[in-house]
Amino acid sequence: MKQIRRLFAYALAALMLLSCSTVAFTGRNRMLLYSDSEITALADESYNELMATTRISANKQQSEMVQNVGVRLADALSKYLASQGQMSVLDGINWDFKLVQDDQVNAFCMPGGKVVFYEGIMPLLDSPDLVAVVMGHEMAHAIARHGNERMTQQALASIVGSVAGQVVEQKTSENGRILFEAAFAVGSQYGYLLPYSRKHEYEADEIGLYIMAIAGYDITQAPLLWQKMSAQGGSSVPEFMSTHPSDANRIKNLEKLQDKARKIAQKIQ
């Protein structure tokens with residue numbers, strides 16, 4: 001068993017080295033086990049299923065604002081990445097921007113670049129600058145490959161749990177094994193997977209702010225939007241058990257990044 005665990009550790013270490021890359025703008029190291037094509041195929045399947053049962057918004061003014069902001073951000077991002085010799089960041093991403101009929105206060109971006117805003121969020125986004133805050137954040141998830149990274153984390157957690165479970169199973173009763181599996185599920189969820197999800201949210205806030213700045217939008221609106229969100233009630237879930245940071249922490253982080261965002265925007269002016 002020791003030899004098996006040793007071989008597993010070596011194989012996992014080699015896999016991690018081969019799969020390492022860095023996130024655009026932040027330079028954070030991350031590991032991706034899946035190809036862009038694999039992730040995009042799964043995302044497109046989910047997107048098509050959603051759109052088959054969802055209606056496009058009939059609100060022409062709001063739809064045009066979502067579309068115009070998305071195109072402006074995408075064009076500015078392409079221009080910036082080209083100037084930095086980093087166009088590969090956009091490999092496999094084909095932007096598409098839609099507003100749909102749904103009362104949810106939400107928006108999302110699929111790994112392949114399909115961005116969807118719900119009508120329910122639009123009363124909070126009464127200017128192009130505010131739309132750009134949310135749009136930039138969602139686009140950032142795609143260019144940072146957060147979907148791929150999350151799937152990689154889930155896969156690794158499952159692999160480690162399975163191997164460790166086999167070791168424990170040989171030394172404990174059936175009840176002990178069940179308790180171990182339950183403990184591992186809780187430990188991996190709150191100790192590993194959720195904290196990384198919060199890291200992704202902070203990173204998407206950061207990259208989204210940079211994209212806004214590059215496109216010439218008012219980046220001071222980013223923390224103001226989260227202040228507005230907080231005034232609406234915010235989340236009652238404690239941050240350590242949430243996939244999203246608290247509104248107060250997001251506001252503080254976005255305020256701290258303002259000067260850096262302006263410096264990045266100056267590189268192509």
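1. Contact of H7 with H8. In helix H7, the residues Ala222, Pro223, Trp226, Gln227, Met229 and Ser230 meet Asp247, Arg250, Ile251, Leu254 and Glu255 of helix H8; contact here means heavy atoms within 4.5 Å. By class, this contact comprises 6 nonpolar, 2 polar and 3 charged residues. In this classification Ala, Val, Leu, Ile, Met, Phe, Trp, Tyr, Cys and Pro count as nonpolar, Asp, Glu, Lys and Arg as charged, and the others, Gly among them, as polar. The axes of H7 and H8 are 8 Å apart and the angle is about 170°. H7 and H8 are therefore roughly antiparallel to each other. Axes are lines fitted to C-alpha atoms, for helices over the stretch in contact, and angles run from 0 to 180 degrees between N-to-C directions. Angles under 35 degrees count as roughly parallel, over 145 as roughly antiparallel, 65 to 115 as roughly perpendicular and the rest as oblique.

2. Basis of the note. The model is predicted: local features need pLDDT of at least 70, side-chain atom pairs count only at pLDDT 80 or more, and totals for chains, interfaces and linings use all residues. Residues are numbered from 1 along each chain as its sequence is written, and side-chain values use heavy atoms, with hydrogens and water left out.

3. Overall architecture. The protein contains 9 helices and 5 strands, arranged from the N terminus as α-β-β-α-α-β-β-β-α-α-α-α-α-α. Helices (H or I, at least four residues) and strands (E, at least two) are DSSP runs, numbered from the N terminus. Of the 269 residues, 44% are buried; buried means under 20% relative accessible area, exposed over 50%, and partly exposed in between (1.4 Å probe, protein chains only). Among contacts with a separation of 6 or more, 71% join residues 24 or more positions apart.

4. The end of H7. Ala231 belongs to helix H7 and is exposed, with a relative accessible area of 68%. The C-alpha atom of Ala231 is separated by 9.7 Å from that of Asp247, which lies 16 residues away along the chain.

5. Contact of H4 with H7. Helix H7 (residues 221-231) also approaches helix H4 (residues 128-143): their axes come within 9 Å and cross at roughly 85°. That angle makes H4 roughly perpendicular to H7. On the H4 side, Asp129, Leu130, Val133 and Val134 meet Gln221, Ala222, Leu225 and Lys228 of H7. This contact divides into 5 nonpolar, 1 polar and 2 charged residues.

6. Nonpolar cores. In soluble globular proteins, nonpolar side chains tend to be buried together. A nonpolar core is a set of buried Ala, Val, Leu, Ile, Met, Phe, Trp, Tyr and Cys residues joined through side-chain atoms within 4.5 Å. The largest one in this model holds 59 residues, of which Phe25, Trp95, Phe117, Leu125 and Ile143 touch the most other members. H4 gives the most to this core, with 10 residues. Leaving aside residues up to four places away in sequence, Ile143 touches Phe25, Leu77, Val89, Leu90, Ile93, Trp95, Ile207 and Ile211. Another core, of 8 residues, lies apart from it and includes Ala43, Val100, Val116 and Tyr118.

7. Side chains of opposite charge can pair when their charged atoms come close. The whole structure has 9 salt bridges, each being a side-chain nitrogen of Lys or Arg within 4 Å of a carboxyl oxygen of Asp or Glu. One of them joins Asp36 to Arg145, with the closest N and O atoms 3.1 Å apart. Asp36 lies in helix H2 (residues 36-52) and Arg145 in the loop between H4 and helix H5 (146-169), 109 residues apart. Asp36 is partly exposed at 29% relative accessible area, whereas Arg145, at 11%, counts as buried. Another joins Arg250 and Asp205 (2.9 Å, N to O). Arg250 is in helix H8 (residues 247-256) and Asp205 in helix H6 (residues 174-215), 45 residues apart; both are buried.

8. Arg262 forms a salt bridge with Asp259, the closest N and O atoms being 3.3 Å apart. Both lie in helix H9 (residues 258-266), separated by 3 residues, about one turn of the helix. Arg262 is partly exposed at 37% relative accessibility, and Asp259 is exposed at 53%.
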